[in-house]
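Keep the model open as you read.

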Amino acid sequence: MKVKYTAAWVGLTAAALVAATGCSSDPVRSTAQKAADVADSSEKVMAALTRATDRTEQLGSAEVKMSTTIGTGTPVAMDGTYSWGDGAAMDVEMDTAAAQLSGLQDDPTTRVKMVDGAYYYGIDPQASGPLEGKHWMRIDVAAVAGEAGADNIADNADPTSGLRYIGTSSDVRDLGEETVLGKKTTHYRGSVGAEAIKDSKFSAAEKKAALGALNAGGGKLTYDIWVDGKDLPVRMKQAGGGMTVTIEFRKFGATEPITAPPAADTGDLSEAVTEQRDKSLGQ
């Protein structure tokens, strides 16, 4: 947490405590001590989150289980590998029906990769068209999300982004110990708004990506992070704008490299998806 956030937090807390300690035998000393305790607590919280961020960045990949809920729709579950050491990438299994891919895949689950700026969906070979005889469908991330959205996904599609963003929060709290996935963890919660991002030490690209995520989240995102005794996140949850994303980390590091499927076995629908997206946006 930046010094000015700590100072602001301490100042507000001290003002509130003055009113609450009118009957104290030494209210000034009591208020000062409590304000100091708040500052000490906030510094410990941010130190713990900084250690978790550093450890996670170093390890570079993890086996994860994810769930994304948008509005009241069916949660989309994903189970597989996330990599962020050399650019964001993933290789997961998704529920076919929830991902609305039943028209292209008969299996109840669908393998999905994101690598080198594109999504790859495992499909059944089609009888005609660009997917004739193909086992994979390729769509550029930009075709789905637009250029700005693609940049946002590239900079946010890793667990370290949530850790970095909560580090800009001025109201991050230690909610105590909880057992998650059989591990003893400490639960932290903080919310992030545009001003915190603008005043952060992020690079211009990181700020752009973060502000894009905030816009998608309705201007405010709330992060819950559970950190174990090894300074590693066990679970992370991001909520905002009617969407909730939960990631559980099963194992860090030592995962297989994520690569694109063979080009000869892949049909590219990026152009068609871009045209459909532009038409829906009236462009």
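**Charges on strands and surface**

Asp79 is partly exposed, at 44% relative accessible area (buried means under 20%, exposed over 50%, partly exposed in between; 1.4 Å probe, protein chains only). Asp79 sits in strand E2, residues 76–83 (strands are DSSP runs of E, at least two residues, numbered from the N terminus). This is a predicted model, where local features need pLDDT of at least 70, side-chain atom pairs count only at pLDDT 80 or more, and totals for chains, interfaces and linings use all residues. Residues are numbered from 1 along each chain as its sequence is written, and side-chain values use heavy atoms, leaving out hydrogens and water.

Asp79 also belongs to a negative surface patch, together with Glu63, Glu93, Asp106 and Asp107. Such patches take residues with over 30% relative accessible area and no salt bridge, joining like charges within 9 Å.

Now turn to the salt bridges (a side-chain nitrogen of Lys or Arg within 4 Å of a carboxyl oxygen of Asp or Glu). The whole structure holds 7. One of them pairs Arg189 with Asp224, at 2.7 Å from N to O. This pair links distant parts of the chain: Arg189 lies in strand E8 and Asp224 in strand E9, 35 residues apart. Arg189 is partly exposed at 30%. Asp224 is buried at 5%.

Which residues does Glu248 bridge to? Arg235 is one partner, with the closest N and O atoms 2.8 Å apart. Arg250 is another, at 3.0 Å. Glu248 is buried at 14%, while Arg235 is partly exposed at 23% and Arg250 is partly exposed at 43%.

Finally, find Arg138, Asp140 and Asp268: salt bridges link them in a network.

Methods
Patch = residues over 30% accessible without salt bridge, like charges linked within 9 Å, V, L, I, M, F, W, Y side chains within 5 Å. Areas by Shrake-Rupley, 256 points an atom, 1.4 Å probe, with all protein chains shown as cover. Lys, Arg positive; Asp, Glu negative; His and termini not counted. Charge placed at Lys NZ, Arg CZ, Asp CG, Glu CD. Helix = DSSP H or I, 4+ residues; strand = E, 2+ residues; numbered from the N terminus.
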